[in-house]
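Dear colleague,

I am handing over the structure that we spoke about, and below it you will find a careful account of what was found. Please keep the model open beside this message while you read.

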Amino acid sequence: MESDKVQEEQKPSENAVDISLESDGGILKEILRDGEGHTSPSPGDTVFVHYVGTLTNGEKFDSSRDRGEKFEFQLGRGKVIKAWDQGVATMKRGELAKFWCKPEYAYGEAGAPPKIPPNATLVFEVELFDWKGDDITENKDGGIIKHEIKKGEGYNTPNDGAMVNIHYSGLYEGKVFEERDVEFEVGEGSEKGVVEGLEIIAKNLKNGEKARFDVSSQYAYGATGNKDFNIPAGATVEYEVEMKSFEKVKEGWEMDTKEKLEQSDIAKSKGTTFFKAGNYKKAIQHYQKIVSYLEFETSLEEEDQKKRDTLMLASHLNLAMCYLKTGDSLKAVEQCDKALEFDKKSAKALFRRGQARFQTSEYEVARVDYEEVLKVEPDNKAARNQIVLCNQKIKQFKEKQKKIYAGMFTKFAERDAKNAPKVEESSNEAPETEGGSEEMEVENGGNQSSATENTPAEPTEA
């Protein structure tokens with residue numbers, strides 16, 4: 001442990017170098033132990049360090065080591081003194097260094113009483129353990145980590161539908177596999193060969209900003225990889241991206257009713273294109289746009305109101321279908337419920353809700369939905385087939401339950417017989433039980449048709 005006693009005046013060694021951005025001698029650094037690798041933390045990264053702070057006379061005023069807990073802070077965001085923001089940014093992982101910090105890079109003329117006097121030069125011994133970048137994914141799943149290289153201008157970033165112009169380099173294991181300039185509409189990047197991760201990255205860059213990103217496979221080339229680029233399945237890649245320019249589109253709150261209806265038509269068309277291509281995630285994004293545009297547009301003229309309701313019904317029906325395809329049954333039921341608010345006799349909504357409930361083994365309520373379909377469309381063969389399947393599943397479930405309970409009763413009877421006290425013979429007749437043995441009755445599960453369990457043809461898309 002470091003001594004708290006005052007020592008003789010500390011002075012930088014001959015190995016100390018000026019690392020201040022202004023090159024004014026304000027921050028001198030001496031490396032006590034080299035770090036690993038070639039990378040250093042970037043502005044915006046969260047760094048983890050141990051430090052000991054002393055005055056030049058050796059008097060210690062603060063120490064994370066004494067507290068037994070590493071100190072963490074976001075680099076380059078003014079969370080710490082200027083000397084730390086600039087000094088730690090020069091360190092490698094595992095490096096141990098000493099910094100001499102002039103007052104203008106520390107606590108200035110005022111100091112930080114009572115421990116740090118005015119105009120004090122401070123000495124910090126700092127050990128950098130690790131750092132982590134900014135997670136820019138919506139769910140904060142660590143799939144895209146940002147490391148800033150160059151600050152951008154202003155505060156605006158692209159929104160969905162914005163036209164962006166970026167330059168990027170893609171690297172795998174340190175080797176560049178792709179480099180190009182590309183212009184695309186956010187949300188439509190796949191048309192230009194842009195992976196999902198780059199679209200998310202574009203939405204998080206200011207004009208002129210440059211950054212490095214670690215992108216996991218789920219946002220890059222997934223479980224198949226990319227043979228053209230020699231990227232294997234499940235590989236994490238790195239992108240260095242610069243935002244050259246972008247042009248935002250109007251947000252929903254900036255549009256009038258006519259614009260919202262027009263944009264909703266466009267979103268529906270794009271959603272259907274993605275759906276047919278099997279890109280359900282993108283389809284969902286476009287159908288959700290319709291809801292965000294029109295959900296609260298309720299006081300419209302008759303013609304616009306009719307068009308709005310038609311688009312809302314279609315978006316909920318198509319969202320339900322997308323969620324069925326992705327196996328999210330609960331969300332599919334929710335979307336069907338919303339569709340039925342617009343048309344309580346919608347056969348598609350009832351059928352798809354039945355499908356969702358069938359997926360979650362709710363066969364009885366699923367059967368009710370299919371029966372409601374037949375009230376609206378008596379000739380709907382798909383609904384009739386599904387009812388047969390529901391009846392089969394219900395019967396199988398009840399037969400299984402019957403066997404379970406029958407086994408339980410047998411075990412209880414055997415246990416009771418084993419534990420019953422022995423009765424001596426007597427001339428008296430044994431008393432009769434109050435009733436004979438009872439068998440649990442199980443209702444017939446219904447139709448025993450040999451229908452297959454393949455999902456029948458679905459109704460036509462909305």
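Are Tyr 51 and Trp 84 buried or exposed? Both residues are buried, where buried stands for under 20% relative accessible area, exposed for over 50%, and partly exposed for what lies in between, with a 1.4 Å probe and protein chains only. Before going on, please note that this is a predicted model, in which local features need pLDDT of at least 70 and side-chain atom pairs count only at pLDDT 80 or more, while totals for chains, interfaces and linings use all residues. Residues are numbered from 1 along each chain as its sequence is written, and side-chain values use heavy atoms, with hydrogens and water left out.

Aromatic rings

The structure holds 16 aromatic pairs; rings of Phe, Tyr and Trp (its six-membered ring) pair if their centres lie within 6.5 Å, and planes under 30 degrees apart count as stacked, over 60 as edge-to-face and the rest as tilted. The pair of Tyr 51 and Trp 84 is edge-to-face, because the ring centres are 5.0 Å apart and the planes stand at 80°. Tyr 51 belongs to strand β3 (residues 46–55) and Trp 84 to helix α2 (residues 82–87), so this pair ties together parts that are 33 residues apart in sequence; helices (H or I, at least four residues) and strands (E, at least two) are DSSP runs, numbered from the N terminus. Ring pairs also join Tyr 51 and Trp 84 with Phe 61, Phe 71, Phe 73 and Phe 124 into a cluster.

Around Ser 63

Ser 63, in strand β4 (residues 60–63), is buried because its relative accessibility is 4%. If its neighbours within four places in sequence are left aside, Ser 63 is in contact (heavy atoms within 4.5 Å) with Tyr 51 and Val 52. A polar atom of the Ser 63 side chain lies 3.1 Å from the backbone nitrogen of Asp 66.

The nonpolar cores

A nonpolar core is a set of buried Ala, Val, Leu, Ile, Met, Phe, Trp, Tyr and Cys residues joined through side-chain atoms within 4.5 Å. The largest one has 30 residues, and those with the most contacts inside it are Ile 201, Phe 213, Val 215, Tyr 239 and Val 241. Among the elements that give two or more residues to this core are α3 (196–202) and β13 (237–247). Apart from it lies another core, of 27 residues, which includes Val 49, Val 80, Trp 84 and Cys 101.

With kind regards

How values were computed. Polar contact = N/O pair within 3.5 Å; in protein donor to acceptor, adjacent residues only side chain to side chain.
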